[in-house]
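Please read this briefing beside the sequence and the coordinates. It takes up helix packing, strand pairing and aromatic contacts in turn.

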Amino acid sequence: MMKRMFGFLLAFIMFFCVFSIEAEAAQTISNVSVGGITPPAAGEKAIEMTTVGILYVDSTAPYKMLLQSCDWKDENGNEINNIDYEFEAGRSYNVSMNFYAKEGWVFSNSGNITVEIKGVSSSKYSYEITYNDGEIITVKFTFNVAGSRTYPDIEKVEFWAITAPKEGNYPVNSVTHLYDNAVVTESYWAYHQAVVSSNTKFVANREYEFKIILDAKSGYKFSDDTEIWYYNGPVEHKKTFNSSKTRMMISIPYYVGDLNEITSVEITSFELPKAGNWAYPVDSDFICVPESDEYDIGGFSNSWRDSNGNKLTSTDKFVAGKKYTASVYFYAKNGYRFEDSSNITARIRGIDPSKYSVNIDDVDGSYCTMSFTFTAEYNQPETFITHVDVIGVQEPVAGEYVTRYGRVAAKSECRVLNDYGNAAVYWYVNDTQETNTFKEYTSYTVKIWLEGHERYFAGSGKVTATINGYPAKIERNGAKQIMISYTFPATEGRTEYNVNFYKDSTMQQRTTIKAKGDYLLPQCMFTRPAGKNFGGWLVEGNLKQPGEWIKVYSDIDIIAVWEDIEEVPITVSEMNVTISGQKAGSITGATKVTINADCPYKNCYTPTIFAWYHSDNVLDCDDYMMGSADRFVAGETYIVEVNFNPTGKNIISQSVVAMINGYKGRVGGNLIGGGKMFRVAITIPGTSGGDSGSDSDILYGDVDLNGKVNVLDANLVRRYAAKQAELTAVQLIAADVDGNGKVNVLDANLIRRYAAKVINIFPIEE
């Protein structure tokens, strides 16, 4: 009996241990919260309600967010990309996004997950969750626009991408149109009311019609005066409706005229194959035709071919006396066609016709293929290069990228390879090649490789060279290549450079300062990740500590290094709390909390103002809770409740001593949740009891007066500017962040940039 009980106890302990290990290995997410979504309202333009740059989640949440759709969709799943589209009353719209769990977390089953939008009543939206193995969920939010649905007439339909008919071509029936509350049901070409089949070619001197059948979406109908536009302009058309005007047929006429015959083709330039040159592929740098309404180049052969039909590669060279062929494709423009091959002539302008032959391989009216055959030969006697001038070398500027300095021009007594513009250019510092940016007070040597072209050689005689007029040093590499170089003296760069501090190697969260010369590394300005301590700054591959000096003579990236720590429980037994912003006349929403405690770790507690009460120093039924826009009155007594939540494994002692602005707080709260609430009476200072307050007591950008500046404040200002919302006198002061006495979308943009930490101060505060 004892053995059986012992076995049962051992199994229970093992189960408990395994359960505990698994629980610590993967914590469950059962609630998702997202902010920054403003429910659509009737009459608002959808293009102004895009979710890009607005949606956010708290950085401390155990999950992150990726947008699945950046635009609104209607109830039929169509993306709304018309800039003039306005949300309609009585309709529903949705937007979707992905959430993925951070390391050490998984999502609960979809039926056990709740989702909320901060600041928006749950009655104003619904959501659907798609669950994917606990690592990713997709949430689609659906909003119903208040009001009765209206069914306006469709006043305009706009089409794109109708392919006009051309003699000899087959019909193309595709057509696209803008979002207009109608769908294309059918489209086809017709001749004398008969459908032109897809395997029947268009014929000249005939008038065809492109017919489009559109059906209005549910609840819509076409107007008698519905406009038909093509590529942003009205188009000639005929239209008919069914009896209910829910279906419309549009007929757009097109005329295929007479075709003119093309009997000759001219090429204005053609790079001949010359002995000793590489057989580079034929392309538009070598072949040109005159501007013409009759024909144009449609393509080239990928490579030259020898007399046996073998393709040459760019590593082959032309041989004197050998024949080489390149093919060129021409196409006839609208209104033209190629004559039979026996009646077409072709020539290359400026080249003796006896130096090439032309073979017309294929003619089908619309296209024509011609092959040009040449005999490779030298057209110059052997010449020696004796002097080269290289111009256009951009002298190094500190802070600029070296890759921008890679093209130069060259001229000499004879031609230089690559048309004077593609010589190989390299920059060196003490024989080490530089590939990043130029630095201050550093001398750089430019090295330029040049190669003789065709029958031009460097030879063995004396060669001189200049770079930007400076005498250059010469090095040889055989008979055809020379390398010239010149060392530019050190120069100063910009007045200041960007010192970019990154939170980690992902290079996403950044703080930038301006500096030059000797710079003292600062303390870490980033919030440490959970379970990590700051270990120093990674500067150009070297780990350095705050207080060390570095040199800044170009833009530089510095990355924070984090080290693992073992976080142990810390008991907070003493707190000194300071609440500011409660001057006579100021609003309660402007008050701020700061705290000093005996916790050795930063952010080991989270203080928030829970509530303000107007009181006689005894909290009873006569007291009332104040709103965020209520003002303090001098000489009156108020009670403030401050709530503290320790973070991580930290705890608050049962006997904690809390002082609020010098007053001993009365402690209450529930230790199981880890929170504590402190209550104390405070008499508001001030010489008068007026309600006017002062602008200094207002948090600029905090338009909804909740003590925070975020995108919800920016959205509220934007709605006010569009005359869709009202603001109180206090809110108008908080919203005018540029200080020009007006509240408009410029203020909304500044508040959004502040919330995204692009700026850290408003113009009115400068």
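**Helix packing and strand pairing in a predicted model**

Helices α2 and α4 are roughly antiparallel to each other, because their axes cross at roughly 175 degrees and an angle over 145 degrees counts as roughly antiparallel.

**The α2 and α4 helix pair**

- Two packed helices are described by the angle between their axes and by the distance between those axes.
- For helix α2, which spans residues 711-721, and helix α4, which spans residues 745-755, the axes come within 8 Å.
- On the α2 side the contact is made by Val711, Asp713, Ala714, Asn715, Val717, Arg718 and Ala721, which meet Val745, Asp747, Ala748, Ile751, Arg752 and Ala755 on the α4 side.
- Sorted by class, the residues in this contact of α2 with α4 comprise 8 nonpolar, 1 polar and 4 charged.

**Asparagine 715**

- Asparagine 715 lies in helix α2 and has a relative accessible area of 3%, so it is buried.
- Leaving aside residues up to four places away in sequence, asparagine 715 touches Gly36, Thr38, Ile54 and Arg752.
- Between asparagine 715 and valine 703 the C-alpha to C-alpha distance is 9.7 Å, with the two residues 12 apart in sequence.

**Strands paired with β22**

- Strands of a sheet pair through backbone hydrogen bonds, and they do so in either a parallel or an antiparallel sense.
- Strand β22 (residues 323-332) runs antiparallel to strand β20 (residues 295-300), to which it is joined by 5 bridges; within this pairing, valine 328 of β22 is the bridge partner of phenylalanine 300.
- Strand β21, made up of residues 305-306, also pairs with β22 in the antiparallel sense, here over 2 bridges, and aspartate 306 has tyrosine 324 in β22 as its bridge partner.
- With strand β26 (residues 367-375), β22 forms an antiparallel pairing over 9 bridges, in which serine 371 of β26 is the bridge partner of serine 327.

**Aromatic pairs and a cluster**

- The structure contains 32 aromatic pairs; in one of them, tyrosine 295 and phenylalanine 330 are arranged edge-to-face, with 6.1 Å from centre to centre and 85 degrees between the planes.
- Tyrosine 295 and phenylalanine 330 are both buried.
- One aromatic cluster is formed by Trp72, Phe87, Tyr93, Tyr125, Tyr127, Phe141 and Phe143.

Notes
Residues numbered from 1 in each chain as written. Predicted model: local features only at pLDDT ≥ 70, side-chain atom pairs only at ≥ 80, totals over all residues. Heavy atoms only, no water. Axes fitted to C-alpha atoms, helices over the stretch in contact; angles between N-to-C directions. Helix = DSSP H or I, 4+ residues; strand = E, 2+ residues; numbered from the N terminus. Parallel < 35°, antiparallel > 145°, perpendicular 65-115°, else oblique. Contact = heavy atoms within 4.5 Å. Nonpolar A, V, L, I, M, F, W, Y, C, P; charged D, E, K, R; others polar. Pairing = 2+ DSSP bridges. Buried < 20%, exposed > 50% of the residue type's maximum accessible area, 1.4 Å probe, protein only. Phe/Tyr/Trp six-rings, centres within 6.5 Å; stacked < 30°, edge-to-face > 60°.
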